[in-house]
Amino acid sequence: MVNPGARNRRVEIHLVAGARPNFMKIAPLLTRLEEGPGFQPILIHTGQHYDNTMSRAFFEDLELRPPDVNLGVGSGSQARQTGRIMSAYERLVLERPPDLVMVVGDVNSTVACSLVAAKLHIPVAHVEAGLRSFDRSMPEEINRILTDAISDFLFTTCSDADDNLLREGITPEKVFFVGNVMIDSLMRIREKARRSDVLERLGLKDRSFALMTLHRPSNVDREDTLGGILQAVEQIQTKLPVVFPVHPRSRKMFGRFGLEERIAGLKRLQVVDPLGYIDFVRLMDRARLVLTDSGGIQEETTVLGIPCLTLRQNTERPVTVDRGTNRLVGPDPKRIVTEADRILRQEMPGTHRPPLWDGGAANRIVNILSKKMLSSAKGGRKR
Ligand code: UD1
């Protein structure tokens with residue numbers, strides 16, 4: 001597949017990250033790629049997320065070195081953002097094509113950079129391939145399907161992802177079940193997170209609070225849905241304090257729908273800015289209950305053994321429901337409150353580890369790439 005130029009030239013891999021949930025996935029991959037002599041990883045930040053709290057804090061907490069390139073694309077509509085990433089990234093790739101482009105997750109940066117690479121005949125590796133919510137109203141589902149369709153290496157976190165890919169006609173030789181790189185990061189950061197003083201800072205008692213995150217367009221962009229979720233929170237915070245690190249998209253919507261006063265009136269709801277990874281992992285690890293519409297948090301709470309209510313009708317991560325601590329409740333306020341009450345009456349569920357969610361996923365990925373790419377990297381290639 002690879003045909004590098006100078007003898008013994010290292011295989012250049014663009015490792016692409018753009019948005020908050022990407023950073024914890026690329027961190028273990030970058031470390032592993034940099035450890036061995038065969039690969040030269042080049043870290044590309046698209047700039048999809050750019051705030052300190054959404055990006056830089058994660059680089060610090062994960063001890064990630066600064067990106068080699070920042071495309072600085074910023075926010076925009078789906079098409080504008082994806083288009084801007086594509087044209088900025090294409091310029092870079094045309095100047096110096098890498099041997100492989102590695103993308104993670106399902107954000108706009110993932111699909112944009114894969115499309116650019118595939119059209120310039122550069123192999124694409126997709127980490128976290130094959131997840132499907134079967135809900136095409138989610139931008140992420142479109143991103144997943146398209147990225148998988150044009151990838152050459154599809155690294156999966158669970159066996160249902162393998163099944164989804166095979167059903168879509170992807171050849172089995174391209175699919176590798178390797179486990180979950182995000183759990184690699186979680187396991188590494190959990191030790192450090194024990195030293196975080198975030199509980200004290202926020203005045204929270206161990207196992208006596210709920211943690212909430214909310215940012216899906218389907219939940220926050222519609223006034224009636226967001227209002228309904230708030231109604232549920234109104235009731236839950238009478239039973240235990242709720243801490244809510246607010247995503248910028250959600251904060252914007254609170255303003256747009258005039259909900260700020262109502263939120264400020266909830267005495268046991270603590271609204272804070274988005275937190276770094278170390279503090280957030282600490283909160284997750286010590287919460288009594290998590291309410292979320294995030295994808296990654298469904299996986300992290302499963303491994304940490306924290307009950308999770310997912311405020312969505314579907315999930316692309318069914319293993320967290322079948323084998324983990326996750327329960328899909330949608331945005332209906334009554335259902336959310338009933339399920340939260342049920343959790344509060346029960347014991348903590350204990351940890352669950354789906355197969356290969358063991359901290360070794362990045363290692364497996366790099367071993368596979370070494371076998372597939374380094375053996376063929378002895379020939380000559382002109383740039
Ligand atoms: C994106 C991903 C989503 C992921 C989420 C995590 C897509 C389609 N969606 O959604 O899968 O779960 O990131 O956060 O790629 N904003 C800031 N500062 C920032 C970034 C964004 O203020 O650093 C604001 C902007 O007003 C922007 C809005 O947040 O318009 C939404 O950002 P965007 O990257 O478009 O999508 P997310 O909702 O963050």
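**Ligand shell.** I started with the ligand and found 21 residues around it, the closest being His49, Asn108, Glu140, His215 and Arg249. I counted a residue as near if one of its heavy atoms lies within 4 Å of the molecule.

**Ground rules.** This is a predicted model, where local features need pLDDT of at least 70 and side-chain atom pairs count only at pLDDT 80 or more, while totals for chains, interfaces and linings use all residues. Residues are numbered from 1 along each chain as its sequence is written, and side-chain values use heavy atoms, with hydrogens and water left out.

**Polar contacts.** I then looked for pairs of N or O atoms within 3.5 Å. The side chain of Gln48 has an N or O atom 2.8 Å from a ligand oxygen. The His49 side chain also puts an N or O atom 2.8 Å from an oxygen of the ligand. With Asp51 it is a backbone N or O atom, 2.9 Å from a ligand oxygen. On its own the ligand exposes 750 Å², and the protein buries 89% of that (Shrake-Rupley areas, 1.4 Å probe).

**Who builds the shell?** Helices H3 (78-95), H5 (139-149) and H11 (248-256) are the elements giving two or more residues to it. H11 gives the most, three residues. Helices here are DSSP runs (H or I, at least four residues), numbered from the N terminus. By class I get seven nonpolar, eight polar and six charged shell residues. Charged means Asp, Glu, Lys and Arg; nonpolar means Ala, Val, Leu, Ile, Met, Phe, Trp, Tyr, Cys and Pro; the others, Gly among them, are polar.

**Largest pocket.** The ligand sits in the largest pocket, meaning that more than half of its atoms lie within 2 Å of the pocket's grid points. A pocket is an open set of points on a 1 Å grid over the protein atoms alone, with protein on both sides within 12 Å along at least five of seven lines; lining residues have an atom within 4 Å of a point. The volume is about 1,100 Å³, taken as the space filled by probe spheres set on the points, which are joined across faces, edges and corners. I noted 49 lining residues, with Pro21, His49, Met54, His215 and His247 nearest the centre. H1 gives the most to this lining, five residues.

**Cavity.** I also checked for cavities, sets of points where a 1.4 Å probe fits but cannot get out. There is one of 30 Å³ or more, and the largest cavity has a volume of about 40 Å³. Its lining includes Val127, Glu128, Phe155 and Ile365.

Methods: Polar contact = N/O pair within 3.5 Å; in protein donor to acceptor, adjacent residues only side chain to side chain.
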